[in-house]
Amino acid sequence: MTISWDDFEKVDIRVGTILEVTDFPKAKKPAYQITIDFGELGIKKSSAQIVALYTKDELPGKQVVAIVNFPPKQIANFFSECLVLGVYTDKKDVVLLQPERKVDNGWKIG
């Protein structure tokens, strides 16, 4: 399936810095609750199934790439406000997408 350029432009993909990570025991699959700073867009929360490759302690301060214009999605008792992007390994673990150098929070991917 192909999409148009107009379709792609509707997806708002931004860089943010992880501020806080907590366990999410009520998630069906192992996940963290993550708080991310997107600069002028503000602070957003996300649920991310990244526990196989990342510890809670190593994530704060990391920049990540996320889609920020999805409507909030309820996952158990938590509302995820953005979708953190990653690459699935052959074992279905997620490797986070990150800029190769530090950039300002909220900068747009294009």
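Predicted model: local features only at pLDDT ≥ 70, side-chain atom pairs only at ≥ 80, totals over all residues.
Let me begin with strand β4, residues 63-67. Both of its faces are covered: Gln 63, Val 65 and Ile 67 on one side, and Val 64 and Ala 66 on the other, are all buried. Buried here means under 20% relative accessible area, exposed means over 50%, and partly exposed lies in between, with a 1.4 Å probe and protein chains only. With 5 of its 5 residues buried, β4 is largely enclosed by the rest of the structure.

Residues are numbered from 1 along each chain as its sequence is written, and side-chain values use heavy atoms, leaving out hydrogens and water.

Next, the neighbours of β4. Two strands are taken to pair if DSSP finds at least two bridges between them. β1 and β4 pair in the antiparallel sense over 5 bridges, and Val 15 has Val 65 of β4 as its bridge partner. Strand β7, residues 83-84, is joined to β4 by 2 bridges, and these two strands also run antiparallel. There, Ala 66 has Val 84 of β7 as its bridge partner.

These pairings belong to an open sheet of 5 strands in the order β3-β2-β1-β4-β7, with antiparallel pairing. Its edge strands are β3 and β7, each of which pairs on one side only. Moving along the sheet, β1 and β2 pair in the antiparallel sense over 6 bridges, with Thr 35 in β2 as the bridge partner of Glu 20. A further 6 bridges join β2 to β3, again antiparallel, and Asp 37 has Ile 43 of β3 as its bridge partner. The hairpin of β2 and β3 has 5 residues between the strands, and in it Gly 39 takes a positive phi near 60°.

I turn now to the interior. In soluble globular proteins, nonpolar side chains tend to be buried together. A nonpolar core is defined here as a set of buried Ala, Val, Leu, Ile, Met, Phe, Trp, Tyr and Cys residues joined through side-chain atoms within 4.5 Å. The largest such core has 17 residues, and those with the most contacts inside it are Ile 18, Ile 34, Ile 36, Ile 50, Leu 59 and Leu 96. At least two residues of this core come from each of β1, β2, β4 and β9. The largest share, 3 residues, is supplied by β2.

Setting aside residues up to four places away in sequence, Leu 96 touches Ile 50, Tyr 54, Leu 59, Val 64, Val 84, Leu 85 and Gly 86, where contact means heavy atoms within 4.5 Å.

Strand β9 also contains Val 95, which is partly exposed, with a relative accessible area of 34%. Together with Leu 53, Val 87 and Leu 97, Val 95 makes a nonpolar surface patch of about 280 Å². Patches consist of residues with over 30% relative accessible area and no salt bridge, like charges being joined within 9 Å and nonpolar side chains (Val, Leu, Ile, Met, Phe, Trp, Tyr) within 5 Å. The areas come from the Shrake-Rupley method with a 1.4 Å probe, and for residues only the protein chains shown count as cover.

Finally, the charged pairs. The structure holds 5 salt bridges, a salt bridge being a side-chain nitrogen of Lys or Arg within 4 Å of a carboxyl oxygen of Asp or Glu. One of them joins Asp 23 to Lys 56, with the closest N and O atoms 3.1 Å apart. Asp 23 lies in β1 and Lys 56 in the loop between β3 and β4, so the pair ties together parts that are 33 residues apart in sequence.

Another joins Arg 14 to Asp 12, at 2.6 Å between the closest N and O atoms. Arg 14 counts as buried at 18% relative accessibility, and Asp 12 counts as buried at 15%. Asp 12, Arg 14 and Lys 108 are linked in a network of salt bridges.

Lys 10 forms a salt bridge with Asp 7, at 3.9 Å. Both lie in helix α1, 3 residues apart, about one turn of the helix. Lys 10 is exposed at 58%, whereas Asp 7 is partly exposed at 34%.

Key
Helix = DSSP H or I, 4+ residues; strand = E, 2+ residues; numbered from the N terminus.
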